[in-house]
Amino acid sequence: MARKTATINNLSPKTLAAFCGLAFGIGAISFAPASLITPLLDAGGTQLSFKKVEGRLWQGTIVGARLPGQNLGDIEYRINPFSVLIGRPSGQFAVQGGVVTAISDFSVSAWSRELSLRNATVDYNLNSLTKYSIFGFPYQGRFRADIDKIVWGRDGCRDAQATLWTDILDASSREYVGDGMELNGVAACLKSDLVVAFDGRNREGETQIEITLKSSLSYQMAARLTPRRVQIAESLRQFGFEERNGTFTYDAIGELRGIQS
């Protein structure tokens, strides 16, 4: 039996029209200027400002990006044109030249309002947060994250797996107790909440910090410190910690409204 070979000549008009439309759409996206992304950035409610956008819509650079009080530097991005046509834009982005260095794969679903970050690394300079303090001490040091995946939707956290590190308490710990302290942590979903848990210890005691971010972007922070010296315990009381069976606790609640230095 002779095998039929598909050619343009024997394609149905509807199939041919679909292929032509798809090719036209990919071509239009590929050659569209990156400036077309500007209205999306302005309408996103992210408080993101920038000097200009260079390149093409599918591959370009957002130059001089800033959040309130935070210089992000330049954001380079690459978008898969076909992913835009199916309603789930995906690609890669990299941030450098400012307070944070980051690289990540991403995808966005317009239908389910879902943002997914995968295979990401983040290095953030905590010294930029000059208007904030932690336990009475200014923010110092760095925060690093190796993110396997974080999926966030309209209902909150859908999937998360990440390992974290920070030396935010290292300088203050060396100053007051003579021994530094680094914190290692993990991030995961607990139902619809994103839960970040840190743990650290030195010869003077142990520290656990847990931060819970809810779908409303409200958060809860619970810190537990177990000092080994009476002098340190007294200092913790002065900073607002409460003692419970030898463990000093500090709880806080708030809402994410943007980061300012």
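Predicted model: local features only at pLDDT ≥ 70, side-chain atom pairs only at ≥ 80, totals over all residues.
Local features were required to have pLDDT of at least 70 and side-chain atom pairs pLDDT 80 or more, while totals for chains, interfaces and linings use all residues. Residues are numbered from 1 along each chain as its sequence is written, and side-chain values use heavy atoms, with hydrogens and water left out.

A search of the whole structure found 1 disulfide, the term denoting a pair of cysteine sulfur atoms within 2.5 Å. Cys 157 and Cys 189 form this bond, with an S to S distance of 1.9 Å. The two cysteines lie 32 residues apart and link distant parts of the chain, Cys 157 being in strand S10 and Cys 189 in strand S11 (residues 183-190). Helices (H or I, at least four residues) and strands (E, at least two) are DSSP runs, numbered from the N terminus. The torsion about the S-S bond is about -65 degrees, so the disulfide is left-handed. Cys 157 is buried at a relative accessible area of 5%, whereas Cys 189 is partly exposed at 25%; buried means under 20% relative accessible area, exposed over 50%, and partly exposed in between (1.4 Å probe, protein chains only).

The structure holds 14 salt bridges, each defined as a side-chain nitrogen of Lys or Arg within 4 Å of a carboxyl oxygen of Asp or Glu. One of them joins Arg 158 to Glu 114 at 2.7 Å, N to O. Arg 158 lies in strand S10 and Glu 114 in strand S6 (residues 114-125), so this pair ties together parts 44 residues apart in sequence. Arg 158 is partly exposed, at 32% relative accessibility, and Glu 114 is buried, at 14%. Both residues belong to a network of salt bridges that also includes Arg 88 and Asp 155. A further salt bridge pairs Glu 206 with Arg 201 at 2.9 Å, N to O; Glu 206 is partly exposed at 27%, as is Arg 201 at 47%.

Asp 167 is located in the loop between strand S10 (156-166) and helix H4 (170-177). Asp 167 is buried but has no salt bridge, the nearest side chain of opposite charge being that of Arg 144, 6.7 Å away. In assigning charge, Lys and Arg count as positive and Asp and Glu as negative, with His and the chain ends not counted. The Asp 167 side chain reaches the backbone nitrogen of Arg 142 at 2.7 Å. With residues up to four places away in sequence not counted, Asp 167 touches Gln 140, Gly 141, Arg 142 and Glu 182 (contact means heavy atoms within 4.5 Å).

Technical notes: Polar contact = N/O pair within 3.5 Å; in protein donor to acceptor, adjacent residues only side chain to side chain.
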